[in-house]
Amino acid sequence: MEARLLMVHFGSTIKFRVKFYPQGARDELLAGIREILGLAPATPLRFQDLDGDVVLISPLGMPSGTELHCAIEQGPPFQGIVAPSRLPSSRLGDAALETSGMPCIGPPSSLEWRRWDRAESGSITEDGLKYDSKGGLGQHPASVRWSVFTPTLPSTGTHYFVIRLSDLPCCVSIGLVPASVQSFTQSLLVGSMDYPFMVALNRIGKGPPPTVNDGMEQTTDTAKEMAVGVYFNMDERMLVLVPHDDLTNPERAIRMDDIPIPAVFAMVAPKHHLAATIEHCDTPSEVFCGREAIFKKVPSMFGRYNM
């Protein structure tokens, strides 16, 4: 039997397309939608059509091309629903994000994927936006190993968020790991090929390292705050890390290709305190993604080549 198409709006920015088979189970379709959105398996959802009427979705009775708004139901029917903003009716590209040039703002829902989800040491605020490696039981000292992860990222489409960092410690790594990774087997990942999409934090804003390196490169930068722009195109399997205030500078972007899907965003360090706050932004109209920014990790005992 031929697959049918469902187009889903979530919140004010996220739009994606799902193909399903009418003989499939309703629970399977709902589970697939939750997975795309990075929501917990039991998250209750409510759907409305473009007229605002509630729709009880069923694979068997839903025609191809149906377009629905999806919201997270947080209580009895019509109470506590995280309602999406109205979006114009249109034919959509696969998992496309709209942009409107809005500044960074807080999340419409604590269940958004753009948040910290779990951590080894430290603390995460209730809304999931801020992580502090010193927080939590006993106020962990700066010498304690720590790591922090987001929920599973969307598997399709182009997305963007910002991480505002309190400083740039030398041994912190930042990037993507497969969603199956629950914890790191190492804490100093700068030169580790076990995690090819984790890059030294203090490399951000400097572009990829040179192709020739004597293994003794040292950084002389002092610690400073930075807002890191995290741009990823899951259809192209590409991640770009770039200063949020300098998105189009070819000398400051770091691009990684063939990223894992599904994936989570993570940071890890063997020591050093760091506070990291996630901010929600519209996807920029332009981010430098040229070949000059391509970063390919290489093995190194001290990781200097990757810094």
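Mentor: In this predicted model, Thr150 is buried, because its relative accessibility is 2% and the limit for a buried residue is under 20%. Thr150 is found in the loop between strand 10 and strand 11, the latter spanning residues 158-165. Leaving aside residues up to four places away in sequence, Thr150 touches Trp113, Arg115, Trp116, Asp117, Val264, Phe265 and Ile278.

Two of these contacts, Arg115 and Asp117, deserve attention together. Their side chains meet in a salt bridge, with 3.1 Å from N to O. In general, side chains of opposite charge can pair when their charged atoms come close. Which of the two partners is buried, and which is partly exposed? Arg115 counts as buried, at 14% relative accessibility, whereas Asp117 is partly exposed, with a relative accessible area of 37%.

A further salt bridge joins Glu120 and Arg145, whose closest N and O atoms are 3.2 Å apart. Glu120 belongs to strand 7 (residues 118-120), while Arg145 sits in the loop between strand 9 (130-132) and strand 10 (146-149), so the pair ties together parts that are 25 residues apart in sequence. Glu120 is partly exposed at 31% relative accessibility, and Arg145 is likewise partly exposed, at 25%. Arg252 and Asp246 form another salt bridge, and here the closest N and O atoms are 3.2 Å apart. Arg252 counts as partly exposed at 24% relative accessibility, and Asp246 counts as partly exposed at 21%. The count of salt bridges comes to five.

Tyr131 stands opposite Ala276 in strand 18.

Ile204 lies in the loop between strand 13 (198-200) and strand 14 (226-233). Ile204 is buried, with a relative accessible area of 2%. Not counting residues up to four places away in sequence, Ile204 touches Ile174, Val199, Met226, Val228, Leu241 and Ile254. The C-alpha atoms of Ile204 and Leu168 are separated by 9.0 Å, although the two residues are 36 residues apart along the chain.

How many of the seven residues of strand 1 are buried? Six of the seven residues in strand 1 (residues 4-10) are buried, and the strand is mostly covered. Strand 1 pairs with strand 2 (residues 14-20) in the antiparallel sense over seven bridges. In this pairing, Leu6 stands opposite Val18 in strand 2.

Terms used. Residues are numbered from 1 along each chain as its sequence is written. This is a predicted model: local features need pLDDT of at least 70, side-chain atom pairs count only at pLDDT 80 or more; totals for chains, interfaces and linings use all residues. Side-chain values use heavy atoms; hydrogens and water are left out. Buried means under 20% relative accessible area, exposed over 50%, partly exposed in between (1.4 Å probe, protein chains only). Helices (H or I, at least four residues) and strands (E, at least two) are DSSP runs, numbered from the N terminus. Two strands pair if DSSP finds at least two bridges between them. Contact means heavy atoms within 4.5 Å. A salt bridge is a side-chain nitrogen of Lys or Arg within 4 Å of a carboxyl oxygen of Asp or Glu.
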